[in-house]
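Thanks for coming. I will take one chain today and go from the overall counts down to a few residues.

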Amino acid sequence: MIFVGGLPFSTNNSSWSSSSSQGSDILVALLEHPVLVSASHSFKSMEETKVSVSSETPSPSKYVYVFQREYATVDPALVDYVGTDEATTCVGLVIRNRRNRMTSIAHMDNPEIVDIGLCQMLSLVVDHDLDAELDHANGTTISECYSDMDGYSLPLCRKLVDTLQRRQEKFHVQTLHVLGHNTKRDSQGNAYPIFHGFLVETCTGSLSPASFDGTSRCPDEIVRRIRVTSSYQDTSWNGKLLETYDTQTDRFVIAPCHWTVRKFYIVMSLQQLSDEEILRRCSTSPSAEGPDFVENLRRYGHIKNNP
């Protein structure tokens, strides 16, 4: 169940005919809610934190980074910060228990992983107490208008809010910086996210926009990136977020995925394409990708040829 400003959330619409239409009504009402509009404006006015191994804070030993389709749940006694970036048509989700401060973060890329993904995130956050009050922060995506039913981000956002509203836990939504709230356009009319990622301080729950450089997306960056692509053809991960971090031992434990022969040939064929063609074929938002997007894809082939 969703709460905003300490009160149960309602759209005043009792004539929903489907989960999809219900999710749309909830999403529109949340995006227009004065409390969340104000929170989005405040988030937008913040200076982006640039996280690097060489920076003084947060130190590499005190934060956990998640890639696309990954999730991690952390104990604030062991981890100071959690974060993600490189979100264009994806959604970064943070759920934090106000009582024990356990914090779970995910980088979701598809509506099909929402149901099981939320169960994975909540398994260590909720201590079997359905009345536990959970802070919930949600961002970032690129789609400009929530009335654009063909946008990649909209179905995911719609599914998320509908699922949160249907669950029994109390989700106190603090930030909803998605869709039109997090979109800008260049002179050619291309849409870009204002922010691609965020950082959460686990002790306080404070959320700030953030980006991570190549030294801070660790450990095992390239292996985890390859795992994201291979997971789509590994049936053992259907509907699930990828496991990356062991909460109990405070260690990165990267659960494996099966690498198919077909995936090998697809990755190798990419090496023959131009940068522009790789962007067109492999990205849902070619104009909004970071400068190292193509380079990272080319590194897949290098790894497979040089094990």
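This is a predicted model: local features need pLDDT of at least 70, side-chain atom pairs count only at pLDDT 80 or more; totals for chains, interfaces and linings use all residues.

Residues are numbered from 1 along each chain as its sequence is written, and side-chain values use heavy atoms, with hydrogens and water left out.

First, the overall counts. The chain has 8 helices and 17 strands; these are DSSP runs, H or I of at least four residues for helices and E of at least two for strands, numbered from the N terminus. Of its 307 residues, 50% count as buried. Buried means under 20% relative accessible area, exposed means over 50%, and partly exposed is in between, with a 1.4 Å probe and protein chains only. Among contacts in the chain with a separation of 6 or more, 72% are between residues 24 or more positions apart. A contact here is heavy atoms within 4.5 Å.

Now helix H4, residues 153-166. H4 has 14 residues and spans 20 Å from its first C-alpha to its last, close to the 20 Å expected at 1.5 Å a residue. The expected span is 1.5 Å times one less than the number of residues. How many of the 14 residues of H4 are buried? The count is 11, so H4 is largely enclosed by the rest of the structure. Among the buried ones are Ser153, Leu154, Cys157, Arg158 and Asp162.

H4 packs on helix H3, residues 114-122, at an angle of about 55°, with the axes 10 Å apart. That makes H3 oblique to H4. The axes are lines fitted to C-alpha atoms, for helices over the stretch in contact, and angles run from 0 to 180 degrees between N-to-C directions. Under 35 degrees counts as roughly parallel, over 145 as roughly antiparallel, 65 to 115 as roughly perpendicular, and the rest as oblique. On the H3 side the contact is made by Val114, Asp115 and Leu118, and on the H4 side by Leu156, Lys159, Leu160, Thr163 and Leu164.

Staying in H4, take Gln165. Gln165 is buried, because its relative accessibility is 18%. Leaving out residues up to four places away in sequence, Gln165 touches Met1, Ile2, Phe9 and Ile26.

Next, Glu201, in strand S13, residues 198-201. Is Glu201 buried or partly exposed? Partly exposed, at 29% relative accessibility. Glu201 touches Asp80, Tyr81 and Ser206, again not counting residues up to four places away. Glu201 and Thr103 are 98 residues apart in sequence and 9.4 Å apart in space, C-alpha to C-alpha.

Ser230 belongs to helix H5, residues 221-231. Ser230 is buried, with 4% relative accessibility. Beyond its neighbours within four places in sequence, Ser230 is in contact with Cys257, His258, Trp259 and Lys263.

Last, the cysteines. A search of the whole structure finds 0 disulfides, a disulfide being a pair of cysteine sulfur atoms within 2.5 Å. Cys203 is partly exposed at 41% relative accessible area, and Cys218 is partly exposed at 26%.
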